[in-house]
Amino acid sequence: MTIANAAFSLHELTKESRMGATGTETSREVRIIDISDFANRKEEIAGALWDAAVEIGFFQVSGHGIAPSVITDAFSRAEQFFALPDDVKAQYPLNRNAGWEKRAQIRPSTGTPDEKESYQITRPRMAGLWPQEAELPGFRDAMLGFEQQCWRVGMQILSCFAWKLGFDDDFFTNAHDPAQPSYQSTLRMLHYFALKGEAHGPWRAGAHTDFDCLTLLFQREGQGGLQVCPGKEMEEQEWTSIEPHDELITCNIGDMLMRWSDDQLPSNFHRVRSPLPGECVGDRYSLAFFCQANEDVVIEGPARKHPPITANDYLHQRISANFSGKY
């Protein structure tokens, strides 16, 4: 097996925002890393993942073992959920990072709500938050099955980072144990609203970093908009688009892993820009799985660069700053 690479050349954006000019689009190498035959190729894969993560903080993986039919089904069920009337979805309100919200996420970078809604699945916190079987038959079992497959891929990738950091291979797997009531990894279904006519703002989701250890993002072809910018280059505001491909998972390092790695692995900025003239202005759907360590796990890097903090306290601080109402 080989490690494939990809880069995208793009054009300039000119609209203004609260952060100043949205900047320019530039090409960067966003690597596509084949993780198939993982057990036999782990050393090769770990080296490729580490290099990609250190250099840009984003990469895409192929050969991950989640069947295309499973991903298609998950997207279909997300669309079915979001098609429910708001008063039905409101019966399952966001609480402690589980449930439904609409325009509740306010990015510090913009000061305005993202133009989207989301439904979040965090296994131990779902009491009373699942749609009724009569509303969405098979929804719960299908999405829990998809969540489990996402967890498996996430733990494979994190085991590579554990090895490179000098931890035991199963260090992060134990820290994200779904059998514990303190489990707080989250599957998030996202729906960005269709626009009426051309876009009137520069983005659907403002610039931000993720709070977790590792994010796995599934996108649909023809529903682009994701852009990334390494934190060390934020002043230049040079953004690179990551085009959606049905067979790839886009991954990025989150703030939690940056802290856990003593800042060796950067958590980089990303956003979802609005469509440009001539691009599709219809609904955009994505699925994100956030690998977030169990609540009682203590985050402390190998060199102890930062003070220890529990994953629960860390996420509470970060999420509370980005959501209105309950997180």
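Me: Before the pairs, what does buried mean here?
Reply: Buried means under 20% relative accessible area. Keep in mind that this is a predicted model.

Me: OK. Take W50 and F161, then: buried or exposed?
Reply: Both W50 and F161 are buried.

Me: What about the aromatic pairs, how many are there?
Reply: The count is 13 aromatic pairs. W50 and F161 make up one of them, a tilted pair. Their centres are 6.3 Å apart, with 55° between the planes.

Me: Where do W50 and F161 lie?
Reply: W50 is in helix α1, residues 38-55, and F161 is in helix α4, residues 139-165. The two are 111 residues apart in sequence, so the pair ties together separate parts of the chain.

Me: And F167 with F172, what is the geometry there?
Reply: That aromatic pair is edge-to-face. The distance is 6.0 Å centre to centre, and the planes are at 90°. F172 has a relative accessible area of 0%, so it counts as buried. F167 is buried too, at 16%.

Me: Which residues form the aromatic cluster?
Reply: F81, F82, Y119, W130, F139 and Y285 form one cluster.

Me: Which ring does the charged end of R271 sit over?
Reply: The ring of W239. The charged end of R271 is 4.0 Å from the ring centre.

Me: Switching to salt bridges. How many?
Reply: The count comes to 15 salt bridges. Side chains of opposite charge can pair when their charged atoms come close.

Me: Start with R77. What is its partner?
Reply: D73. The closest N and O atoms are 2.9 Å apart. Both residues lie in helix α2, residues 68-82. They are four residues apart, about one turn of the helix.

Me: How do R77 and D73 each count for accessibility?
Reply: R77 has a relative accessible area of 16%, so it is buried. D73 is at 32%, so it counts as partly exposed.

Me: What about R220 and E79, how far apart are the closest N and O atoms?
Reply: They are 2.2 Å apart in that salt bridge. This pair links distant parts of the chain, 141 residues apart. R220 is in the loop between β10 (214-219) and β11 (226-229), while E79 is in helix α2.

Me: And their accessibility, what are the values?
Reply: R220 is at 22%, and E79 is at 29%. R220 counts as partly exposed, and E79 is partly exposed as well.

Me: Next, K89. What does it pair with?
Reply: K89 forms a salt bridge with D86, with the closest N and O atoms 3.2 Å apart. Both are in helix α3, residues 86-89, and sit three residues apart. K89 is buried, at 1% relative accessible area. D86 is partly exposed, at 33%.

Me: Which residues are in the network with K89 and D86?
Reply: K102 and E117. Salt bridges link D86, K89, K102 and E117 in a network.

Me: Last topic, the whole protein. What does the secondary structure come to?
Reply: Seven helices and 17 strands. Of the 327 residues, 56% count as buried.

Me: And contacts and surface?
Reply: Among contacts with a separation of 6 or more, 77% are between residues 24 or more positions apart. The accessible surface is about 13300 Å², and 50% of that belongs to carbon and sulfur atoms.

How values were computed. Residues are numbered from 1 along each chain as its sequence is written. This is a predicted model: local features need pLDDT of at least 70, side-chain atom pairs count only at pLDDT 80 or more; totals for chains, interfaces and linings use all residues. Side-chain values use heavy atoms; hydrogens and water are left out. A salt bridge is a side-chain nitrogen of Lys or Arg within 4 Å of a carboxyl oxygen of Asp or Glu. Buried means under 20% relative accessible area, exposed over 50%, partly exposed in between (1.4 Å probe, protein chains only). Rings of Phe, Tyr and Trp (its six-membered ring) pair if their centres lie within 6.5 Å; planes under 30 degrees apart count as stacked, over 60 as edge-to-face and the rest as tilted. A charge sits over a ring if NZ of Lys or CZ of Arg is within 6 Å of the ring centre and within 35 degrees of the ring normal. Contact means heavy atoms within 4.5 Å. Accessible areas come from the Shrake-Rupley method with a 1.4 Å probe; for residues, only the protein chains shown count as cover.
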